[in-house]
Amino acid sequence: MKKPSFSTVMLWIGLLFLYVPMLILVIYSFNASKLVTVWGGWSFKWYGELLQNKQILGSVWTSLVIAFYSATMSVVLGTMAAFVMTRFRHSWSKMTLSNMITAPLVMPEVITGLSLLLLFVHMADFIGWPMERGMTTVWIAHSTFCAAYVAVVVSSRLREMDRSVEEAAMDLGATPLQSFFLITIPVIAPSLIAGWLLAFSLSLDDLVIASFTSGPGSTTLPMVVFSSVRLGVSPEINALATLIILAVSLVAFIAWYLARRSDRKQKATIEG
Amino acid sequence: MKKLTWKKPNGRILTIGVPYLWLLLFFALPFLIVLKISLSNMAIAIPPYESLVSYVDEMLQISLNLGNYLLLLDDSLYVAAYINSLKIAFFSTLGCLLLGYPMAYAMARSSGRAQTILLLLIMLPSWTSFLIRVYAWMGLISDTGLINNFLLWLGVIDSPLRIMNTDIAVYIGIIYAYLPFMVLPLYANLVKLDNSLLEAAADLGSRSLHTFWTVTLPLSKGGIIAGSMLVFIPAVGEFVIPELLGGPNSLMIGKILWQEFFNNRDWPVAAALAIVMLALLIIPISLFHRYQSRSMEAES
């Protein structure tokens, strides 16, 4: 057998480093013992207790609703921006738009959160809205930062897409709007779904921005988890964490699969 | 190639106008407001700051207060927090690069099917809950955690190692949480590397390590910059990791900002902290943007 190269060894070390802590967390969520570091046999009891916890269940619903609307809005914004970035001629407004849309990718979350909160406070002062921060303000904040990710996913798809089909449609008399909805959207649909799922999981996961922009009635799941985790490790949170890892991985996997299948399909049509 | 021309200007304006207005209102404008608040006085009121503009004796007065910035310079706590944040972010980025580069290199060199699986394995953690992944380390590295229990059981150590609540824990947390963001752009860069260049170097008698230093590494500069910025910039402002894994003494600016805002309710100082952080990060951020627009142009 060939001696594995240095980089292959590092790849395996890196993967173990990424996965072992999560694996241990999942195993310990089935620990019967109340003491989190002592193994007391297998048990589902913490999952049962979790289902009794009204605060957590309520926040799960809040988070899902916010994530649904944020993902939808960010796909609309991100797709429009991606279209401008890939199809419009170079101009000053195109450049500022593409800079603004991708800026949240590398902005520390505390800055984004603080700045949006101060905006909402000012808006309440000047136009009387929003009087109270809540799900709507979190939705606005999440839509803005998730749109950055959607724009990246969709624009890379738009760049790969064969433009001659769009041009043919317009040569045959379709309006740009018709060609967009009848040609472009169906072709890039898988990347739109992938973008939506990515935005959904990002919104579901966000703690910092939600903490700044939410109000009394809109505590999201990460906020509940965080306030409990701050006090230390608990078996109930281990169970919740396992469910979250499972759910998010599943959503992410579907997103990845869709994006990959669409790539393959396109390659197959080009080659065949 | 024919440029797409739009017959109806309305659709065009709408397509660019909607995201433009949204971002102007919810992204650009907020920064101006942060700047404004950072120049105002704190007040015991709701909201807890004084207005910059006031009418005194029927005269419009604008009072700019640089006191918040002077306070940041004056108090060694803030200065230390900035320096410590930059230091921790820098060494975590270095750690991610040293671990991530060989990983990305091995991925780019593996067979097609293995590549897709490895790519998914790297991406999956970055999409999984950030908070949960940081939390996973709490049970591992605490004084009574699994690592300490294991080492005590082996007899390697007599008393538990203090990792939790130290800067080391923060380093582990940041490297762990941000590793995928380093590997992905590096991989995207290395996989595009033209193998014929490496073969040419080998044909001309270059040894593999020498080829790496003189051909591979310089060609992957773009990926190194992108990955490093994706780790460094958020790490400077990181809040969750120092809060959960670091001790009360691990000063990081994101944590201080959070405390000023939520605990002390000193909004003007929090705003000033954010502005200074942004000023420190402006060079890395523009570096990232320059790289990104260049790679986008290369693609199209």
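Author: In this predicted model, Ile122(B) is in contact with Pro180(B), Val183(B) and Leu184(B), leaving aside neighbours within four places in sequence. Ile122(B) itself is found in helix α4 (residues 112–127) of chain B.

Reader: Why is Ile122(B) called buried?

Author: Just count its surroundings. There are 24 other C-beta atoms within 10 Å of Ile122(B). The cut-off for buried is 20 or more, so Ile122(B) counts as buried.

Reader: OK, now chain A. What makes α6(A) and α8(A) roughly antiparallel?

Author: Look at the angle. The axes of helix α6 (residues 135–160) of chain A and helix α8 (residues 176–205) of chain A cross at roughly 155 degrees and come within 9 Å. Angles over 145 degrees count as roughly antiparallel, so α6(A) and α8(A) get that label.

Reader: And which hand does the crossing have?

Author: α6(A) passes α8(A) in a right-handed crossing. Among the residues making the contact are Cys146(A), Val150(A) and Arg157(A) of α6(A), plus Leu192(A), Gly195(A) and Ala199(A) of α8(A). By class, this contact has 12 nonpolar, 4 polar and 1 charged residues.

Reader: How many residues does each chain put into the contact between chains A and B?

Author: Chain B gives 79 residues and chain A gives 68 residues. On the chain B side, the largest share, 17 residues, comes from helix α1 (residues 9–38) of chain B.

Reader: How do the residues on that chain B side divide by class?

Author: The side of chain B that touches chain A has 59 nonpolar, 14 polar and 6 charged residues.

Terms used:
Residues numbered from 1 in each chain as written. Chains lettered and ligands numbered in written order. Predicted model: local features only at pLDDT ≥ 70, side-chain atom pairs only at ≥ 80, totals over all residues. Contact = placed C-beta atoms within 7 Å. Helix = DSSP H or I, 4+ residues; strand = E, 2+ residues; numbered from the N terminus. Nonpolar A, V, L, I, M, F, W, Y, C, P; charged D, E, K, R; others polar. Buried ≥ 20, exposed ≤ 12 C-beta atoms within 10 Å, placed from the backbone. Axes fitted to C-alpha atoms, helices over the stretch in contact; angles between N-to-C directions. Parallel < 35°, antiparallel > 145°, perpendicular 65-115°, else oblique. Left-handed = near helix turned anticlockwise from the far one by under 90°.
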